[in-house]
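Let's take a friendly walk through a protein model together. Have a look at the sequence and the 3D view before reading on.

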Amino acid sequence: MAFKPSTLTFLASLTGWWIYHLFEPTDLLSTSLLLLGVPTVLTTLLQVQFTSLVTAVLAIFVSYYFILLALVTGYRLSPFHPLAQYPGPLPGKMSKLWDAWMTAKGNHHQYVRALHDKYGDIVRIGPNELSIRHGDAIAPILTKDLRKGPYYDSRQADGKPALDGIRDFVEHAARRKPWTKAMSISAMKGYSEYLTKTVDELVQALEVRQEVDISDWMTFAAFDFMGEMIFSTEFGMIKAGKDTTGIWHALEEGTFAAGILSHIPWILNFLKYSPQGGSAFVVLQTIGARIAKQRIEAGSNKRDLFHYLVSEDESTGMKLNIEAAISDGMMSIIAGSDTSATNLTHLFYFLLKNPKMKKRLQEEIDRVFPQGEETADYTKQSEMPYLNACINEALRLYPAVLLGLQRRVEKGTGGRMIGPFFVPEGTQVSAHLFSLHRDPRYFYPIPDTFWPDRWLTQSSYTLPSGDTIPSTQLTHNKAVFNPFSAGRQSCAGKLIAWMEMRAIMCGVLQKFDIDPINGSEFESYENGLVEVYITHRGALPLRLKARY
Ligand code: HEM
């Protein structure tokens, strides 16, 4: 009995869909077999039933893909899909390509927030993905036993993930171990010396300039500090006033692509076979290899982060896994430079907008670090309530990592209660921190406004408008505030970031008065923020006037 081509093609597409549905294969071999092998075999078997080979190829390939796509989409939109009960945008339910497209447009954080405003606390943002805006969901997502989701697949070189891309808890814990010593009091003391140098160089460089784009200068300072602190290497960006090695621009370019592709990680399996020469990824790898080589040749007399990551010891020399330490060191330059620079720039922006707050902060700085005194003493910085409130408030409004930190409820677990919601197995889930940090249920009043006072303990509060409210009318839910994430995979460099942000802010504001220059550019700063993996930001020009 001869099967009709349409019946066989339908059965083949149905089998293909079933395999995708059950096993979610993304590797090159399975994909080639399912998308090219099956229709090729069909064409070979059935071509005698067509007038020519060309007609057979066209008819079978087109109908195979069409039916496969219709089955995938139909199932995703059907009431039988496990996430059918959750609301969300139609294109998002159909494909993750929609999320990738929204990221490419640059305002993914605003997009997801608008979705929550429209659909509520739980939104289906992808075929198998939920975003949650509920305080009770944060701990179950970030601090329990949910592993990172496929979004993190892009964070690896040659198939080997750096610390932040390791999904297995045991492997992650082993790689994270050296960070305990790396964050000890004596280690921090060592890093503060590198920081003093960076702040001094920054202030000296700014002294000979009157108008600067502070956004650029925060990046120069952050990279210079990270280079010295992690690998004892000098990027020299502050001295040169530019990106000397190309690392920053490679990072911007690389994260733009990675930010989009992370939503469709299966595509990485194909891209890795495309020519990489000159790509941002190769530039970063080359710089990393050079820095690491220099550092290893310099030996173990340094007390930088690399020293702790390889557990260097004067008597025994290098120990542990050098390759892993290099990879995590490079990853830390990336994780630590843009994040701190971004938050510092945000804070400058908010202070330019609020001159009274700027003055109050300067008064506190002058009290703790009288003019001319070194500002990198981290033991004194922590006693500066208004400075800490300002930094926290900038992190609240714009956490440097704006996207939800994706985790996965694995298949075979039977699903999980996340706060008040049931999340079926095989689902990616995240808590949308950008929305949560601005939710009036957790931060009230004026949750969208920069108002550092909300971080201070007072009996009554004066709002920026001049109105006063008693403390009973303030809602300030610190458990919802998680700019450094939470749990075992939270920011490993949080203490360094705090020390760095405080020292640089104190150093600049101790020495200079700052004022906006160009009204329009200054006003458009917030709208120009782009969320791609990290936050890309535009210029923030300001005028500097030496205070002494
Ligand atoms: C304002 C500054 C910073 C912010 C807001 C920040 C935020 C974060 C967040 C949210 C994560 C988790 C990312 C994820 O799960 O996808 C993270 C991870 C990480 N950060 Fe930071 N970070 C900052 C500065 C730094 C600095 C200065 C360093 C290094 C010295 C650093 C090193 C790391 C590392 C190594 C990880 C990966 C941790 C792991 O997976 O175990 N960060 N950071």
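**Before we start**

This is a predicted model, in which local features need pLDDT of at least 70 and side-chain atom pairs count only at pLDDT 80 or more, while totals for chains, interfaces and linings use all residues. Residues are numbered from 1 along each chain as its sequence is written, and side-chain values use heavy atoms, leaving out hydrogens and water.

**The overall fold**

The protein has 23 helices and 18 strands. Both are DSSP runs numbered from the N terminus: helices are H or I runs of at least four residues, and strands are E runs of at least two. The radius of gyration is 26 Å, close to the 24 Å from the globule rule for 548 residues, so the protein is as compact as a globular protein of that length. Here the radius is taken over C-alpha atoms, and the rule is 2.2 Å times the number of residues to the power 0.38. Along its principal axes, the C-alpha trace spans about 95 × 60 × 45 Å.

Contact means heavy atoms within 4.5 Å. Among contacts between residues at least 6 apart in sequence, 71% join residues at least 24 apart.

**Around the ligand**

Which protein atom is the donor to the iron atom of the ligand? The single donor from the protein is SG of C491, 2.3 Å away. Donors are N, O and S atoms within 2.8 Å of the metal (3.2 Å for Na, K and Ca), and sites may look incomplete since water is not among the atoms. C491 sits in the loop between strand 14 (475-476) and helix 22 (494-511).

There are 31 residues around the ligand, with Y152, H172, R176, G336 and C491 coming nearest; a residue is near if one of its heavy atoms lies within 4 Å. By class, this shell has 17 nonpolar, nine polar and five charged residues. Nonpolar covers Ala, Val, Leu, Ile, Met, Phe, Trp, Tyr, Cys and Pro; charged covers Asp, Glu, Lys and Arg; the others, Gly among them, are polar. Helix 17 gives the most to the shell, with six residues.

| Residue | Distance to an oxygen atom of the ligand |
|---|---|
| Y152 | 2.7 Å |
| H172 | 2.6 Å |
| R176 | 2.7 Å |

Start with R438, in the loop between helix 21 (433-436) and strand 11 (443-444). R438 is buried, at 7% relative accessible area. Its side chain makes a polar contact of 2.7 Å with that of D448. A polar contact is a pair of N or O atoms within 3.5 Å; within protein, one must be able to donate a hydrogen and the other to accept it, and residues adjacent in sequence count only if both atoms are side-chain atoms.

Next, is P399 buried or exposed? P399 is buried, with 0% relative accessibility. Leaving aside neighbours within four places in sequence, P399 is in contact with F434, H437, P483 and T535.

Beyond its neighbours within four places in sequence, E201 is in contact with D224, I238 and K239.

Terms used
Buried < 20%, exposed > 50% of the residue type's maximum accessible area, 1.4 Å probe, protein only.
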